[in-house]
Amino acid sequence: MNGYGRIGSATKTYVATVVLQLVGEGKVDLDAPIEDYLPKLVRGKGIDGRKITVRQLLQHTSGLPNYTGFITDYFEIRHTYMDPRQVLDLALSHKASFAPGTKWEYSNTNYILLGLLVQKVTGRPIGEQVTDRIIKPLGLKDTYWPGIGEQGIRSPHPEGYAYRKPGAPLVEFTEMDPSWGWAAGQMIATPSDVNRFYRALLDGKLLKPAQLAEMRRTVKDESIPFGWQFGLGLVKIKLSCGGHAWGHGGDIDGYETRDAATDDGRAATVMVNALPSTEAGAVKVNQALDTALCRS
């Protein structure tokens, strides 16, 4: 079934693409500090926006604490609207994980700031920019950025399920307010549209060659799961049949997505309607993506 689903952190690739389009237009400098665009906003214990670059936000080497690690109960906030400043303030109330540029650590906070960066530079909402710069030009009729207060999913779609803790009974979790994910994970799409997006991205239809090359420059770190390598909003995934693919994937209560495309034209997206409760379960979803790409 090619139904709609929440694509979670795969949203980051769309947001990163918009940021890199702005780089190509000369409106954003990859190696400029975020302070240049959002002055006096990024401050905290060991946190200074004058020392964190746009590139470091895109590749998760900023050292900013991950705000989703401080949300203790997603069932409690299921129907709560949270604006970007709320989740950013939650992150900035904690100390930095490390000095900028010294390590890699996945942090959704990076992409909240990138969403705010896009809005500051363009003067328009990040969801509108993703729509006008990516969704409409590619004709992705089954991809959208949920509006404020929009808690449901367009039909057709599978119901999503979640659990309070591993081993607990699954609870239907389709309807929710995804605002806490915002530029780090709010989007909804069908698997076929996700495939079309990644194919267009790798084919150079969205970015100039220089910016696409920057996007594909990866960071190697032993802490990155499954042997992946992170670029700028794009993940390099080794394939069992040789070579590699590029994607991102996303986890959000009710749905998990794994997606990637190869330079020779293959693309696949696997979507399941509950987050795996074990590492073995997560590996199986990754293996399904690998199988789809290697046998296509």
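A: Strands here are DSSP runs of E at least two residues long, numbered from the N terminus. The model is predicted. In that numbering, Thr257 belongs to strand 12, which covers residues 255–261. Is Thr257 buried or exposed? Buried means under 20% relative accessible area. Thr257 has 0%, so it counts as buried.

What does Thr257 touch, apart from its neighbours within four places in sequence? Its contacts are Arg6, Ile7, Gly249, Gly250, Thr269, Val270 and Met271.

Now the pairing. Strand 12 runs antiparallel to strand 10, and two bridges join them. In this pairing Gly247 sits opposite Ala260 of strand 12. Strand 10 also pairs with strand 9. Those two strands are antiparallel as well, with four bridges between them. Lys238 has His244 in strand 10 as its bridge partner. Strands 9 and 10 form a hairpin with five residues between the strands. Within that hairpin, Gly242 takes a positive phi near 100 degrees.

The disulfide comes next. The model has one disulfide. Cys241 and Cys294 form it, with an S to S distance of 2.1 Å. It links distant parts of the chain, 53 residues apart. Cys241 is in the loop between strand 9 (235–238) and strand 10 (244–247). Cys294 is in helix 9, residues 279–294. Why is the disulfide called left-handed? The torsion about the S-S bond is about -80 degrees, so the disulfide of Cys241 and Cys294 is left-handed. Cys241 is partly exposed at 42% relative accessibility. Cys294 is also partly exposed, with a relative accessible area of 23%.

Go back to Arg6, one of the contacts of Thr257. Strand 1 covers residues 5–6 and stands at an edge of its sheet. That sheet is open, has three strands in the order 1-7-4, and is paired antiparallel. Strand 4 (143–144) is also at an edge. Strands 1 and 4 each have a single partner strand, so one side of each lacks a neighbour in the sheet. Strand 4 is joined to strand 7 (residues 188–189) by two bridges. Thr143 stands opposite Ala189 in strand 7.

Helix 1 covers residues 11–24. How many of the residues of helix 1 are buried? The count is 14 of the 14, so helix 1 is largely enclosed by the rest of the structure. At 1.5 Å a residue, the 14 residues of helix 1 should span 20 Å, and the end C-alpha atoms are 20 Å apart, which agrees. Just after helix 1, Gly26 has a positive phi of about 75 degrees.

Helix 3 (residues 84–92) gives another view of burial. Its buried residues include Pro84, Val87, Leu88, Ala91 and Leu92. They cover an arc of only 140 degrees around the axis, which puts them on the same side of helix 3. An α-helix has 3.6 residues a turn, so residues three or four places apart point the same way. What do the buried residues of helix 3 pack against? Their partners are strand 2 (43–44), strand 3 (47–48), helix 4 (108–122) and helix 6 (182–185). At the start of helix 3, a side-chain oxygen of Asp83 comes to within 3.0 Å of the backbone nitrogen of Arg85.

Notes:
Residues numbered from 1 in each chain as written. Predicted model: local features only at pLDDT ≥ 70, side-chain atom pairs only at ≥ 80, totals over all residues. Heavy atoms only, no water. Buried < 20%, exposed > 50% of the residue type's maximum accessible area, 1.4 Å probe, protein only. Contact = heavy atoms within 4.5 Å. Disulfide = S-S within 2.5 Å. Expected span 1.5 Å × (residues − 1). Pairing = 2+ DSSP bridges. Arc of directions from axis to C-beta. Polar contact = N/O pair within 3.5 Å; in protein donor to acceptor, adjacent residues only side chain to side chain.
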